[in-house]
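Please read the following briefing alongside the sequence and the coordinates.

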Amino acid sequence: MAEFFAMGGYAFYVWASYGAALLLILMEIIWVRRRLRTILLRLGRMKRMTEVYTEVKVEHETKT
Amino acid sequence: MVFGMAFAGINWFKYASPASFYPLAGRMVPWFAALAVVLALAGLYIGLFVAPTDYKQGEAYRIMFIHVPAAWMSMFIYIVMAIYAALGLIFNTRLSAMMASALAPTGALFTFLALWTGALWGKPMWGAWWVWDARLTTELILLFLYIGFMSLEAAIDDPRRASRASALVAIVGVVNVPIIYFSVQWWNTLHQGASISFSSAPSMAATMLTAMLVMSLSLWMYTIAVVLMRVRCIILERERHSDWVAELMMEAR
């Protein structure tokens, strides 16, 4: 097992390559998921604002 | 014009509408992501445990299984991005421009990864992290093209104008891709020749070749999955005031 991780003396070069690949891919996935969450939250806020606006409008119209 | 109408006639553009592509993309993501994981596990197993030690480079050559697929994807994604950008310019389809925009960050990621793993491979083999060799320099230019495409698009507020301007960068820059690919033949470079050529038998053990191809397929599936995820974000961001997005949000309740 130790021999496997030593990579014949090239451990740093090999694992820094595979490590960077894994890290970048995980970071990209996190970024994209965060981006989707952000836009969905924003759309949710937009929806609630329209709902409140319609309620107020309906209330106002029924009073007058 | 007739050409365009004939295509529209057979409903070719059905999924070219962001409204119908959004749910389709959402359904496709898990499948491509699962394929990417399975292929990555298989590729890593073959590359790290089955493939024999290289008689010249020892274990350091195993960097190849991430370096070569990343470099291939960096060039391939650029070509696909340029095609989508061109389609967006010609047919003025919103989804094409969004796809080009969704591909750029992943392309830049693989370009960076190719350069990074190349440096880590170059140091023990050539004795230098970096040399101004034709292959390395043109790959660095590719990274700048991706960055240029993304910054130009981000700098212009109106998405339609932003797409048109950045599409030009993508199309002009596509000239660089064959230069990267053939640089090792055209110039006397330190970088080794192509790992796989169409004219001669591959110069490596079958297991090494298998590991490299399986890893490439894995990165390909990953790219499709993550780009579909990103294009869903872009669709919602750009179409947020449209009726279909409002209806989608009502259904989500």
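In this predicted model, the contact between the two chains draws 22 residues from chain A and 28 residues from chain B. Classified by residue type, the side of chain A that touches chain B consists of 16 nonpolar, three polar and three charged residues.

**Nonpolar core**

- The largest nonpolar core has 72 residues, and the members that touch the most other members are I63(B), M81(B), A100(B), L103(B) and V231(B).
- At least two residues of this core come from each of the following helices: α2 (11–63) of chain A, and, in chain B, α2 (18–50), α3 (64–91), α4 (94–126), α5 (134–155), α6 (159–173) and α8 (206–238).
- Of these helices, α8(B) provides the largest share of the core, with 18 residues.
- When residues up to four places away in sequence are left out of the count, V231(B) touches A25(B), M98(B), M99(B) and A102(B).

**Packing of α3(B) against α4(B)**

- The axes of α3(B) and α4(B) lie 7 Å apart, and the two helices pack at an angle of about 160 degrees.
- Because an angle over 145 degrees counts as roughly antiparallel, α3(B) is roughly antiparallel to α4(B).
- The crossing in which α3(B) passes α4(B) is left-handed.

Note on methods:
Residues are numbered from 1 along each chain as its sequence is written. Chains are lettered from A and ligands numbered from 1 in the order in which they are written. This is a predicted model: local features need pLDDT of at least 70, side-chain atom pairs count only at pLDDT 80 or more; totals for chains, interfaces and linings use all residues. A nonpolar core is a set of buried Ala, Val, Leu, Ile, Met, Phe, Trp, Tyr and Cys residues joined through C-beta atoms within 7 Å. A residue is buried if 20 or more other C-beta atoms lie within 10 Å of its own, exposed if 12 or fewer, and partly exposed in between; C-beta atoms are placed from the backbone. Helices (H or I, at least four residues) and strands (E, at least two) are DSSP runs, numbered from the N terminus. Two residues are in contact if their C-beta atoms, placed from the backbone, lie within 7 Å. Ala, Val, Leu, Ile, Met, Phe, Trp, Tyr, Cys and Pro count as nonpolar, Asp, Glu, Lys and Arg as charged, and the others, Gly among them, as polar. Axes are lines fitted to C-alpha atoms, for helices over the stretch in contact, and angles run from 0 to 180 degrees between N-to-C directions. Angles under 35 degrees count as roughly parallel, over 145 as roughly antiparallel, 65 to 115 as roughly perpendicular and the rest as oblique. A crossing is left-handed if the near helix is turned anticlockwise from the far one by less than a right angle, and right-handed if clockwise.
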